[in-house]
Amino acid sequence: MKTGIFYGSATGTTADIARRIGRLLDVADKDIHDVGETTPDKVADYDTLVIGSSTWGDGALEDDWYDFVAGMQPLDLGGKKIAIFGCGDETMSDTFCNAVGILYERLRDTGATFIGEFPATGYHFDKSEASDGATMRGLVLDEVNHPELTATRLRDWTDQLKKEM
């Protein structure tokens with residue numbers, strides 16, 4: 001099973017997280033892609049897609065994701081697995097890591113199987129498109145307020161992904 005990581009990052013935080021996930025999953029650097037510098041058809045090269053975005057403004061995707069996800073939506077991703085991660089700021093408690101939920105919603109009709117749901121316990125927010133209350137649709141990280149939790153959450157999530165892939 002070949003894994004590709006696709007991320008959008010305006011400040012470099014999500015890019016750093018993508019590389020850290022790559023190391024934990026033994027994904028080669030050539031298989032880690034900035035969505036602002038690649039095309040959606042590149043996802044065809046992989047069995048598992050690990051995708052990540054930061055959340056901006058009033059809960060929006062990172063800008064580079066809009067065209068990329070629009071290009072992914074018409075693709076038949078049947079047989080592929082998708083895991084989503086996102087970076088956000090818990091003080092934005094009404095939109096915390098919304099990008100994870102937006103990516104899920106935009107891609108759920110592509111035929112892919114989603115993996116990597118993560119417990120919502122330990123997070124502090126009022127609402128998020130990334131959560132149903134008990135779980136998150138993927139891994140969400142707050143590098144602004146809780147960077148001390150990132151390493152453990154990354155390890156736990158990637159260990160879980162290895163079992164689900």
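1. Are Phe 6 and Tyr 46 buried or exposed? In this predicted model, both residues are buried.

2. Aromatic pairs. The structure as a whole contains five aromatic pairs. One of them joins Phe 6 and Tyr 46 in an edge-to-face arrangement, with 5.8 Å between the centres and 80 degrees between the planes. This pair connects distant parts of the chain, 40 residues apart: Phe 6 belongs to strand β1 (residues 3-8), while Tyr 46 sits in the loop between β2 (32-34) and β3.

3. A pair within helix α2. Trp 65 and Phe 68 are also edge-to-face, at 5.4 Å centre to centre and 90 degrees between the planes. The two residues lie three apart in α2, which is about one turn of the helix. Trp 65 counts as buried because its relative accessible area is 0%, and Phe 68 because its value is 2%; the cut-off for buried is under 20%.

4. The cluster. Phe 6, Tyr 46, Trp 65 and Phe 68 are linked by ring pairs into a cluster.

5. Helix α3. This helix spans residues 98-107 and is mostly covered, with eight of its ten residues buried. Among them are Val 100, Ile 102, Leu 103, Tyr 104 and Leu 107. The elements that cover the buried residues of α3 include helix α2 (65-72) and the strands β3 (48-56), β5 (81-87) and β9 (139-141).

6. Tyr 104. This residue of α3 is buried. Arg 137 lies over the face of the Tyr 104 ring, 4.1 Å from the ring centre.

Technical notes:
Residues are numbered from 1 along each chain as its sequence is written. This is a predicted model: local features need pLDDT of at least 70, side-chain atom pairs count only at pLDDT 80 or more; totals for chains, interfaces and linings use all residues. Side-chain values use heavy atoms; hydrogens and water are left out. Buried means under 20% relative accessible area, exposed over 50%, partly exposed in between (1.4 Å probe, protein chains only). Helices (H or I, at least four residues) and strands (E, at least two) are DSSP runs, numbered from the N terminus. Contact means heavy atoms within 4.5 Å. Rings of Phe, Tyr and Trp (its six-membered ring) pair if their centres lie within 6.5 Å; planes under 30 degrees apart count as stacked, over 60 as edge-to-face and the rest as tilted. A charge sits over a ring if NZ of Lys or CZ of Arg is within 6 Å of the ring centre and within 35 degrees of the ring normal.
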